[in-house]
Amino acid sequence: MEFWKYLFLCSLVVGLIAQGLTKPADTKEPKDEYDDYEMQKDDGDEYNYPDEDTSVDKSLNTEYNSVGGIEPMLEVLETEVEAKPGESARIVCRAKNLSNKTVITWYFGENLIAMGPSLLSSSSRMHLNPSDLSIVINNVQQSDEGIYTCKILPYDMSMKTKLSVSSSPTVQIFDTVRDVSGSSRTYREGEKITLECRPKGNPEPTVTWSSHGIRLDRITGVKVDGGRLSIANAEYHHARVYQCLADNSIGKPAHESVTIHVHYSPKVTAHRHEVNTGEGYDAELFCNFKSDPVGRIYWLRHKNPLMEGTKYRVTQEQHGHHNRTALLVRQVKKEDLGVYQCQVDNRLGQQDANVSLIYEPEPAHFDGYELQPEHLVVLNWTVRSIQPLSEILLYYQKSNDKQWTSEKPIVAEKHKEHSGIWIIQHRVKLSPGTWHARVRSKNTEGWSKYSESQTINVPIIYTDSEDQLFEKLDSTETSGASRTLTGGFPTSLPTIIVACLLFCVRWT
């Protein structure tokens, strides 16, 4: 008998838990019956409307009907009307309680254009409607824009209406005092440049500055605040065309431009700081430079200018966004090796750059890296050397490590199209993190300098088995096969039933 009591008790528990597991909680708030009652009560409220027999003065708002003893009044004193060119504009004098003793007069600015039922304006586009106290202007033009005033005589009452006519934008560019639209201005390096874009139009246009399609926030040192453009310290890269565009969605946007020139001392850089050559070869050394005003070019060795002739030749050409000068050294001998100077000067200053002529390989040029599965990294380099390369070493270390690890290349071959250029490739396995790599090479004349250190970022990459494991965990959590009680203990209905049966057997 005790067994059946405990079994009945467990059945009740299972029923309650099963209901909680299978039926989601209804979180919707119960509807308050009192609210329904109030709504019905509100719907049934009775209001006292005017009786149909209540007299209403229907003579208001007419100009010529008499309203005994009631003075005229204006609903508003000022208002605005907007219209686009070519449209019709209706201007209404919002007056009421008028009588046959009152007279309406209209003014455009200071000019009287209508009195009573008579239109005094000579414009064929303007019409007077005394019945509704309005003036209608057809085919609105920019000249119609202004203040229209209706006055009630003999009372001292007037209402003003501002007619705004939309207009396509126009724009001008000013420096501090003058209009510089479509012109050019010249500044010296270090001076302050201020330009202001002044648009006109209705509605007021928005202003955008640009330069050759480039947003100005990408140009260092340029600040834009609304229509004002300012450069606190002019530099050579600020020399460009600046364009201001004004747009208000009426007609076509307007734009103007100004060309800014900046005079600065020469800026000189070496195309390659070391140039490899061989005995008896012709060698060419390059320098890139910018100069405004135009500068003079010199090549020097041991601080002495080199003269053109059978040994040297100097050329100059436009190369991209800068100028390039080249020094050709014919029939190189050992005594020609060493440092050469490329010098450019103008009336604002001078600058030079050094180029070394060497027999050893040039420092390697980094061409990028590729990430492969299992944390393998392939690094690509090019090395210039007329002489054959005998040894190439990659040095790499992880950030914060003190020791460098060396590695030989898996590929070291001559370029198929360019003699004197070698293609180098290394493949190393690197753990996730930030690494630094550099290369040094050797030919028959000796070792090169180290290349510039390059940064390699190796991300954390999961294997396929790890990804599958995460997918299984995610699917298990979201499958709905098991449920969790309020206390966080995972369970299922069959588990609860078995537990209850064991409980009944144990206590009986």
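This is a predicted model: local features need pLDDT of at least 70, side-chain atom pairs count only at pLDDT 80 or more; totals for chains, interfaces and linings use all residues.

Colleague: How many disulfides are found in the whole structure?

Modeller: The search of the whole structure gives 2 disulfides. In one of them C93 is joined to C150, with an S to S distance of 2.1 Å.

Colleague: Where do C93 and C150 lie?

Modeller: C93 is in the loop between β3 (89-92) and β4 (95-96), while C150 belongs to strand β10 (residues 146-153), so the pair ties together parts that are 57 residues apart in sequence.

Colleague: Which hand does the disulfide of C93 and C150 have, and why?

Modeller: It is right-handed, because the torsion about the S-S bond of C93 and C150 is about 70 degrees.

Colleague: And what is the relative accessibility of C93?

Modeller: C93 is at 2% and therefore counts as buried. C150 is buried too, its relative accessible area being 1%.

Colleague: Now the other bond. What is the S to S distance between C197 and C244?

Modeller: The sulfur atoms of C197 and C244 are 1.6 Å apart in this disulfide.

Colleague: Is the disulfide of C197 and C244 right-handed or left-handed?

Modeller: The torsion about its S-S bond is about -65 degrees, so the disulfide of C197 and C244 is left-handed.

Colleague: What is the pairing if the bonded cysteines are numbered in sequence order?

Modeller: The pairing is then 1-2, 3-4.

Colleague: Let us turn to the rings. How many aromatic pairs are there?

Modeller: The count comes to 5 aromatic pairs. Among them, Y236 and Y264 form a tilted pair, with 5.4 Å from centre to centre and 45 degrees between the planes. Y236 is located in the loop between β18 (228-231) and β19, and Y264 in strand β20 (residues 254-270), so this pair ties together parts that are 28 residues apart in sequence.

Colleague: Which of those two is buried?

Modeller: Y264 is buried, with a relative accessible area of 7%. Y236, at 30% relative accessibility, counts as partly exposed.

Colleague: What about Y395 and Y450; why is that pair edge-to-face?

Modeller: The planes of Y395 and Y450 stand at 75 degrees, with the ring centres 5.5 Å apart, so the pair is edge-to-face. It links distant parts of the chain, 55 residues apart: Y395 in strand β31 (residues 389-398) and Y450 in the loop between β36 (446-447) and β37 (454-458). Y395 counts as buried at 16% relative accessibility, whereas Y450 is partly exposed at 35%.

Colleague: Which charged end sits over the ring of Y450?

Modeller: That of R438, at 4.0 Å from the ring centre of Y450. Elsewhere, R198 lies over the face of F174, also 4.0 Å from the ring centre.

Colleague: Finally, the surface. Which residues form a nonpolar patch?

Modeller: V103, L112, M115, L120 and L153 form one, with about 380 Å² of accessible area together. L120 is in the loop between β7 (118-119) and β8 (126-129), and its relative accessible area of 47% makes L120 partly exposed.

Terms used
Residues are numbered from 1 along each chain as its sequence is written. Side-chain values use heavy atoms; hydrogens and water are left out. A disulfide is a pair of cysteine sulfur atoms within 2.5 Å. Helices (H or I, at least four residues) and strands (E, at least two) are DSSP runs, numbered from the N terminus. Buried means under 20% relative accessible area, exposed over 50%, partly exposed in between (1.4 Å probe, protein chains only). Patches are made of residues with over 30% relative accessible area and no salt bridge: like charges are joined within 9 Å, nonpolar side chains (Val, Leu, Ile, Met, Phe, Trp, Tyr) within 5 Å. Accessible areas come from the Shrake-Rupley method with a 1.4 Å probe; for residues, only the protein chains shown count as cover. A salt bridge is a side-chain nitrogen of Lys or Arg within 4 Å of a carboxyl oxygen of Asp or Glu. Rings of Phe, Tyr and Trp (its six-membered ring) pair if their centres lie within 6.5 Å; planes under 30 degrees apart count as stacked, over 60 as edge-to-face and the rest as tilted. A charge sits over a ring if NZ of Lys or CZ of Arg is within 6 Å of the ring centre and within 35 degrees of the ring normal.
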